[in-house]
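User: Hi! I'm new to reading protein structures. Could you walk me through a few features, step by step?

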Amino acid sequence: MSRVIQVEHPLILHKLAFIRSKNTGAKDFRELVEEVSMLMAYEVTRDLATEEVEIETPICKTKCKMLSGKKIAIVPILRAGLGMVDGMLKLIPAAKIGHIGLYRDEETLQPVEYFCKLPQDIAERDVMVVDPMLATGGSAADALTLLKKKGAKNLRLVCLISSPEGIKLVQETHPDVDIYVAGIDERLNEKGYIIPGLGDAGDRLYGTK
C-alpha cells in the first residue's frame, strides 16, 4: 500500500489557513499556493539519491554530496495544477514539465481526458504529479494510469488538500504511488467537493467562476 505523507510544517499550516479563507483574493491565493508548493517540494524530494563528488573551494579540495540518479518531471493536472508548478521549479529548476488535461463531468463526477503532453523521456524520470485538490480521487487516479501507459514508473502525487475518499481511491488503484498532502479534510459533500476544503482551486487561482 502506498504511503500517505502529511506535511505539517508550521509555515505550511499557516499559509494553508490563508489559502482556505474565502477572503483571500486571487493574487494572494496564487502566491500562497506557489509558496506552499515550494515548501512541500522540500519534503517530497527528501529521499532523492545523492552521490559523492569532489569539488574545490577557495581554500582546498573537498568531497560533497550532489543529486544523482534519475531526472525529475513535474506534471500538473490542468488547470489548477499549474498553480503549483512555479513554486516547485524554484527548488528543482532543471525539472521538465508535462501537462495532463482532465475535467470532471458534473453529473457522473468522472474525469474526462482532453489533453496530454509529456517529456519524451518520461520513463527515465522521477515524476511528481501535482494538483491542489484530491477530492474524489478520480482525476488523479486517471492521470496516474495515463502516465503509466506512457511509460512512467516512479510516480508521486502531491496535493495541498485531500479528502479521505480521494486518498482511499488512489491507494486502491495505485498502491505503488506515494501521496504527499498538506491537509487531510473531513469528507466530500454531495457535489464531490472537499469539506471544509477551499472551494474550487482553479476558479480561485484564475479569478473565474
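Analyst: Happy to! Let's start with burial: a residue is called buried when its relative accessible area is under 20%, exposed when over 50%, and partly exposed in between. Keep in mind that this is a predicted model.

User: Is isoleucine 194 buried or exposed?

Analyst: Its relative accessible area is 6%, so isoleucine 194 is buried. This residue belongs to strand E13, which covers residues 194-195.

User: Which residues is isoleucine 194 in contact with, leaving aside its neighbours within four places in sequence?

Analyst: Contact here means heavy atoms within 4.5 Å. For isoleucine 194, the contacts include Met133, Leu134, Ala135, Ile161 and Asp185.

User: Where does UniProt place the feature "binding site"?

Analyst: An unreviewed UniProt entry puts it at Ile194, Gly199, Asp200 and Ala201. Such annotations may be inferred rather than shown by experiment.

User: What about alanine 201: buried or exposed?

Analyst: Alanine 201 has 5% relative accessibility, so it counts as buried. You'll find alanine 201 in helix H6, residues 201-206. Not counting residues up to four places away in sequence, alanine 201 touches Phe29, Ala80, Pro132 and Met133.

User: Now the surface. Which residues make the nonpolar surface patch?

Analyst: Tyr103, Tyr114 and Phe115 make a nonpolar patch of about 330 Å². Patch members need over 30% relative accessible area. Tyrosine 103, in strand E6 (residues 99-104), is at 45% relative accessibility, so tyrosine 103 counts as partly exposed.

Terms used:
Residues are numbered from 1 along each chain as its sequence is written. This is a predicted model: local features need pLDDT of at least 70, side-chain atom pairs count only at pLDDT 80 or more; totals for chains, interfaces and linings use all residues. Side-chain values use heavy atoms; hydrogens and water are left out. Helices (H or I, at least four residues) and strands (E, at least two) are DSSP runs, numbered from the N terminus. Buried means under 20% relative accessible area, exposed over 50%, partly exposed in between (1.4 Å probe, protein chains only). Patches are made of residues with over 30% relative accessible area and no salt bridge: like charges are joined within 9 Å, nonpolar side chains (Val, Leu, Ile, Met, Phe, Trp, Tyr) within 5 Å. Accessible areas come from the Shrake-Rupley method with a 1.4 Å probe; for residues, only the protein chains shown count as cover. A salt bridge is a side-chain nitrogen of Lys or Arg within 4 Å of a carboxyl oxygen of Asp or Glu.
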